[in-house]
Amino acid sequence: MDQEYLQESIEQFLCEANCLKTYTHCIAVGDYACKLAERFMADPHKAQIAGYLHDISAIYPDDQRVAVANKMGIALCKEELTLPMIIHQKISREIALGQFNITDLEILSAIECHTTLKGNYSTLDLVVFIADKIKWDQDGEPPYITGLMTALDHSLESAAYYYIDYLLNHDIQVIHPWLNEAYVKLKQQLESA
Ligand SMILES: [Fe+2]
Ligand SMILES: [Fe+2]
């Protein structure tokens with residue numbers, strides 16, 4: 001799909017649902033993911049598309065996410081029932097597939113694990129995960145930004161590990177199993193490097 005057309009479709013989709021802020025965030029993440037992909041040898045085009053669509057599920061507020069996921073046939077774990085915010089990564093994947101005709105499994109994977117990462121992450125998954133943390137959806141600079149950027153000078157894995165470690169030592173509400181699997185795998189990989 002043409003990048004410009006995709007961008008316009010996403011803008012229309014999110015603006016109709018009064019999610020203009022999410023649109024701005026999605027484009028920032030997609031464009032930054034594209035640059036990271038060039039730097040770390042992932043597919044820049046796929047990174048950009050995944051970033052553009054990663055938070056497309058913002059049209060559903062947290063209190064609707066369990067019902068929406070059930071309707072879409074998405075399997076949920078108990079951590080997602082405790083904190084429905086996390087479900088938005090899986091719902092975004094379904095919308096990307098069902099409404100934006102994205103069938104590339106690497107793109108869908110990067111969308112699906114952009115919040116928690118997962119144990120068997122790809123370079124593309126890491127790129128989109130990190131882009132979302134650097135170009136975060138809140139005001140001001142993320143509190144972890146300096147350490148994250150320093151870690152990114154070493155590798156994507158170092159940056160992802162730094163971020164998850166930061167999270168685990170701060171105000172994390174629930175530990176999603178994918179986040180834990182990613183943390184363990186990253187630790188192993190960094191120790192063996
Ligand atoms: Fe997100
Ligand atoms: Fe995001």
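What follows is a short chat about a predicted model, its iron site and its salt bridges.

Me: What should I keep in mind about the model and the numbering?
Reply: This is a predicted model in which local features need pLDDT of at least 70 and side-chain atom pairs count only at pLDDT 80 or more, while totals for chains, interfaces and linings use all residues. Residues are numbered from 1 along each chain as its sequence is written, chains are lettered from A and ligands numbered from 1 in the order in which they are written, and side-chain values use heavy atoms, with hydrogens and water left out.

Me: Which protein donors hold the iron ion (ligand 2)?
Reply: They are H25 (NE2), H54 (NE2), D55 (OD) and D132 (OD), lying 2.1 to 2.2 Å from the ion, where donors are N, O and S atoms within 2.8 Å of the metal (3.2 Å for Na, K and Ca), and a site may look incomplete because water is not among the atoms. Along the chain, these donors follow the spacing H-x28-H-D-x76-D.

Me: And what geometry does that site have?
Reply: The site is irregular, with angles of 85 to 172° among its 4 donor atoms. Four donors count as tetrahedral if all angles lie between 85 and 135 degrees, whereas four count as square planar and six as octahedral if opposite donors are over 155 degrees apart and all others between 65 and 115; anything else is irregular.

Me: How far is the iron ion (ligand 2) from the iron ion (ligand 1)?
Reply: The two ions are 3.4 Å apart, and D55 coordinates both.

Me: Are H54 and D55 buried or exposed?
Reply: Both H54 and D55 are buried, a word that here means under 20% relative accessible area, with exposed being over 50% and partly exposed in between (1.4 Å probe, protein chains only).

Me: Switching topic, how many salt bridges are there in the whole structure?
Reply: The search finds 10 salt bridges, each being a side-chain nitrogen of Lys or Arg within 4 Å of a carboxyl oxygen of Asp or Glu.

Me: Which residue forms a salt bridge with D132?
Reply: That is K133, with the closest N and O atoms 3.0 Å apart; D132 counts as buried at 10% relative accessibility, and K133 counts as buried at 4%.

Me: What about K21?
Reply: The side chains of K21 and D139 meet in a salt bridge at 3.8 Å, N to O. K21 is exposed, with a relative accessible area of 57%, and D139 counts as exposed at 65% relative accessibility.
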